[in-house]
Amino acid sequence: MATAEIEDIFSQIIERSKVIDPVNTRKWFDDLTAAHFDGGLLKIGCPDNATVEFLRDNCKAAFTRAAQQITGHLVSVDFCLQSGGSPSNRQGQDGELKLHPDYTFTNFVVGPCNRLAHASCVAVSRSPGNTYNPLFLYGSSGLGKTHLLHAVCHETKQHAKMTIQLLSCEEFVNRFISAIEQGNVSGFQRQFRSVDMLVIDDVQFLREREQSQEEFFHTFNTLYQSGRQIILSADCAPVEIPSLEERLISRFTWGLVARIDTPSHDTRVAIVQKKAHLRGIEISEQVADYIAKKAQSNIRQLEGAITTIYALSATIGKPITVELAKAALEDEPERHISITDIIEVVTDYYGVRLSDLQSKKRSQSITLPRQVCMYLARNLTKHSLEEIGGHLGGRDHTTVMHACDKIEDMKKTDHKFKPLLSNLEKQITNPTK
Ligand code: ADP
Ligand code: MG
């Protein structure tokens with residue numbers, strides 16, 4: 001095929017894939033090139049490894065479908081580095097540093113809710129090991145912790161040749177466990193204790209994992225003593241992580257602890273505009289304002305709203321107006337949570353049976369889960385107090401009210417109880433996770 005012909009087909013494939021998968025569509029798709037198209041294989045050239053990873057992980061299916069629809073042949077698709085592209089820097093021995101290409105400082109909107117976290121991340125990336133060590137970010141889910149951690153790594157890579165390890169705490173724990181199983185703990189230790197920068201996301205995962213806490217403690221000490229940068233994130237403050245050893249809590253607070261709060265309306269508007277722009281969608285101020293009002297609690301919701309609106313506009317071929325945005329969002333069915341969903345998660349967590357909850361038993365081990373069920377049912381469903389009491393052994397509405405008050409009190413007085421409750425809530429509202 002002539003080059004011009006390949007280019008033409010390629011741009012059609014890109015346009016089609018945007019329609020097939022609007023969620024993962026990015027403005028920079030227009031910078032991709034057809035690196036090679038022969039023998040049923042289309043190789044798409046990308047400017048850097050982060051892009052290759054992003055496309056492989058998120059877009060392979062959509063691009064393949066698009067390529068097959070446009071050419072009418074069973075084409076397969078792969079991604080590679082464009083000639084002249086920049087390969088990744090020196091990384092941890094366990095392969096490449098996987099960074100999300102969108103999660104950069106440029107794509108991060110700074111507002112009062114995250115100013116300190118952002119500024120400290122920028123400072124650390126300019127002078128790793130010398131400013132805040134460790135840097136500890138915390139805040140509820142969906143407020144940008146992972147984004148900032150990736151941004152620090154992107155930025156650091158730009159100007160320093162450093163070995164960076166970025167991983168979730170769950171992965172750290174899993175790798176540690178498999179090192180034990182394979183009798184290769186020293187290999188594990190060498191790998192983590194030799195990096196220049198260690199970035200661990202969601203360290204609340206260390207709770208109740210004593211052996212991993214021990215290992216983490218020694219990794220921390222080794223790196224810290226030799227001036228290497230450590231950056232951590234969690235969904236709550238160090239002291240609120242359930243059953244985290246005192247010596248770790250204290251180390252986590254040696255440097256800077258920065259909290260991220262829920263964004264204000266203005267910050268949400270700016271984020272909507274940034275996210276839309278990133279996907280190559282133009283959104284008016286009014287539409288951004290409307291979306292920011294609809295989705296208030298976390299930023300993933302904002303992104304979901306943009307996707308829904310964009311999908312509707314693409315399907316019916318109309319521009320994005322406030323009316324269209326309303327039509328798209330207001331029809332969205334809310335996931336229906338039943339009392340049974342709540343009971344399942346709570347009984348599973350506390351190791352009790354439904355029949356216990358419905359019985360007359362009044363021991364603390366039964367009363368607490370029963371009250372937690374009542375509280376969650378009150379907050380997550382539209383059932384009346386009577387209905388909730390009815391499900392839990394025919395109790396009257398004053399008992400349910402009392403339970404809700406008691407749990408509210410516990411949330412305020414017992415700092416370990418609040419994250420536990422929000423964890424249960426997450427399992428109920430997001431059962432797949
Ligand atoms: P967390 O790790 O705190 O749960 P993430 O970092 O995964 O949250 O963020 C969820 C989504 O919200 C990501 O797509 C991220 O890019 C986006 N996001 C969060 N905060 C901001 C911000 N201030 N500016 C732009 N995007 C943001
Ligand atoms: Mg995260």
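These are my notebook entries on what I looked up in the structure above.

**Entry 1: ground rules**

I am reading a predicted model, in which local features need pLDDT of at least 70 and side-chain atom pairs count only at pLDDT 80 or more, while totals for chains, interfaces and linings use all residues. Residues are numbered from 1 along each chain as its sequence is written, chains are lettered from A and ligands numbered from 1 in the order in which they are written, and side-chain values use heavy atoms, with hydrogens and water left out.

**Entry 2: the whole protein**

I looked up the overall extent and found that the C-alpha atoms fill a box of roughly 80 × 60 × 45 Å along the principal axes. The protein has 19 helices and eight strands; these are DSSP runs numbered from the N terminus, with at least four residues of H or I for a helix and at least two of E for a strand. Of its 433 residues, 49% count as buried, where buried means under 20% relative accessible area, exposed means over 50% and partly exposed lies in between, with a 1.4 Å probe and protein chains only. Among the contacts (heavy atoms within 4.5 Å) with a separation of 6 or more, 72% come from residues 24 or more positions apart.

I noted four domains, whose bounds come from an automatic or database domain assignment: domain 1 (3–86), domain 2 (115–259), domain 3 (265–330) and domain 4 (339–429). The C-alpha centres of domain 1 and domain 2 are 35 Å apart.

Helix 1 (residues 3–20) has 18 residues, and its first and last C-alpha atoms are 25 Å apart, close to the 26 Å expected; the expected span is 1.5 Å times one less than the number of residues. I listed its buried residues as Ile6, Ile9, Phe10, Ile13, Ile14, Ser17 and Lys18, and they pack against strand 1 (33–38), strand 2 (41–48) and helix 3 (60–71).

Which residue forms a salt bridge with Lys18? I found Glu15, with the closest N and O atoms 3.2 Å apart; a salt bridge here is a side-chain nitrogen of Lys or Arg within 4 Å of a carboxyl oxygen of Asp or Glu. An α-helix has 3.6 residues a turn, so residues three or four places apart point the same way. Lys18 is buried at 13% relative accessible area, whereas Glu15 is partly exposed at 43%.

**Entry 3: salt bridges across the chain**

Lys426 pairs with Asp235, the closest N and O atoms being 3.5 Å apart. This pair links distant parts of the chain, with Lys426 in helix 19 (residues 417–429) and Asp235 in the loop between strand 7 and helix 9 (246–252), 191 residues apart. Both are partly exposed, Lys426 at 33% and Asp235 at 24%.

Asp78 and Lys60 also meet in a salt bridge, at 4.0 Å from N to O. Here Asp78 lies in strand 3 (residues 76–86) and Lys60 in helix 3, 18 residues apart.

In what order do the five strands of the open sheet run? I read the order as 5-6-7-4-8, with parallel pairing. The edge strands, each pairing on one side only, are strand 5 (164–168) and strand 8 (256–259), and the twist averages 10° from one strand to the next. Two strands count as paired if DSSP finds at least two bridges between them; strand 4 (residues 135–138) and strand 7 (residues 229–234) have four. Within this pair, Leu135 stands opposite Ile231.

Helix 4 (residues 115–126) packs on the sheet and touches strand 4, strand 6 (197–201), strand 7 and strand 8; its direction makes about 140° with that of strand 8. Such angles run from 0 to 180 degrees between N-to-C directions, using lines fitted to C-alpha atoms, for helices over the stretch in contact.

**Entry 4: helix 10**

I finished with helix 10 (residues 265–278), whose 14 residues should span 20 Å and whose end C-alpha atoms are 20 Å apart, in agreement. Its buried residues include Thr267, Val269, Ile271 and Leu278, and what covers the buried residues includes helix 5 (145–159), helix 11 (285–294) and helix 12 (299–316). Just after helix 10, Gly280 takes a positive phi of about 80°.
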